[in-house]
Amino acid sequence: DQTIFGVPDKWMGTGTSSDVTTTDVFASLHRENGLLYADGTHWHSKFGHLVSYGAGYYSYLYASIFSADIWSTCFADGEDAFSRKAGNAYWKDILIHGGSKDPNQMLKTMLGREPKV
């Protein structure tokens with residue numbers, strides 16, 4: 001669950017001083033989200049995204065929002081979600097451009113409207 005990674009990052013970035021440790025935060029988040037947590041471990045200290053990724057980590061979450069918008073708008077009807085026509089439209093409007101075109105413009109073209117965030 002990405003919440004497990006995002007919330008502590010936000011908490012650590014606030015500069016708030018507290019008696020709560022990062023281990024306490026991770027353990028609490030696991031339990032609140034119905035995930036197992038092994039007491040006495042510090043696995044999060046090896047989660048490099050918190051140290052080296054910075055705000056770039058959140059691009060995964062942002063991309064998830066846009067991909068859900070594309071799916072629900074262009075493919076979710078199930079009628080031709082996996083058809084060549086649908087695949088070609090995705091390729092033509094999104095994939096073929098790589099990083100050479102403004103992502104917002106590609107999304108707008110694919111969706112036929114501004115993306116929903």
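Gly112, which lies just after helix 6, adopts a positive phi of about 75°. The model described here is predicted. At the other end, the start of helix 6, a side-chain oxygen of Asp102 comes to within 2.9 Å of the backbone nitrogen of Asn104.

Helix 6 spans residues 103-111, and its buried residues are Met106, Leu107, Met110 and Leu111. Viewed down the helix axis, the buried residues of helix 6 fall within an arc of 120°, and they therefore line one face of the helix. An α-helix has 3.6 residues a turn, so residues three or four places apart point the same way. The packing partners of the buried residues of helix 6 are helix 4 (59-75) and helix 5 (84-93).

Helix 5 also contains Trp91. With a relative accessible area of 46%, Trp91 is partly exposed, because this value lies between the limits of under 20% for buried and over 50% for exposed residues. Together with Tyr90, Leu95 and Ile96, Trp91 makes a nonpolar surface patch of about 400 Å².

Thr23 is located in helix 2, which covers residues 22-32. The relative accessibility of Thr23 is 19%, so Thr23 counts as buried, the cut-off being under 20%. The side chain of Thr23 is joined to that of His42 by a polar contact of 3.0 Å. When residues up to four places away in sequence are not counted, Thr23 touches Tyr37, Thr41, His42 and His44.

Key. Residues are numbered from 1 along each chain as its sequence is written. This is a predicted model: local features need pLDDT of at least 70, side-chain atom pairs count only at pLDDT 80 or more; totals for chains, interfaces and linings use all residues. Side-chain values use heavy atoms; hydrogens and water are left out. Buried means under 20% relative accessible area, exposed over 50%, partly exposed in between (1.4 Å probe, protein chains only). Helices (H or I, at least four residues) and strands (E, at least two) are DSSP runs, numbered from the N terminus. The arc is that of the directions from the helix axis to the C-beta atoms. Contact means heavy atoms within 4.5 Å. A polar contact is a pair of N or O atoms within 3.5 Å; within protein, one must be able to donate a hydrogen and the other to accept it, and residues adjacent in sequence count only if both atoms are side-chain atoms. Patches are made of residues with over 30% relative accessible area and no salt bridge: like charges are joined within 9 Å, nonpolar side chains (Val, Leu, Ile, Met, Phe, Trp, Tyr) within 5 Å. Accessible areas come from the Shrake-Rupley method with a 1.4 Å probe; for residues, only the protein chains shown count as cover. A salt bridge is a side-chain nitrogen of Lys or Arg within 4 Å of a carboxyl oxygen of Asp or Glu.
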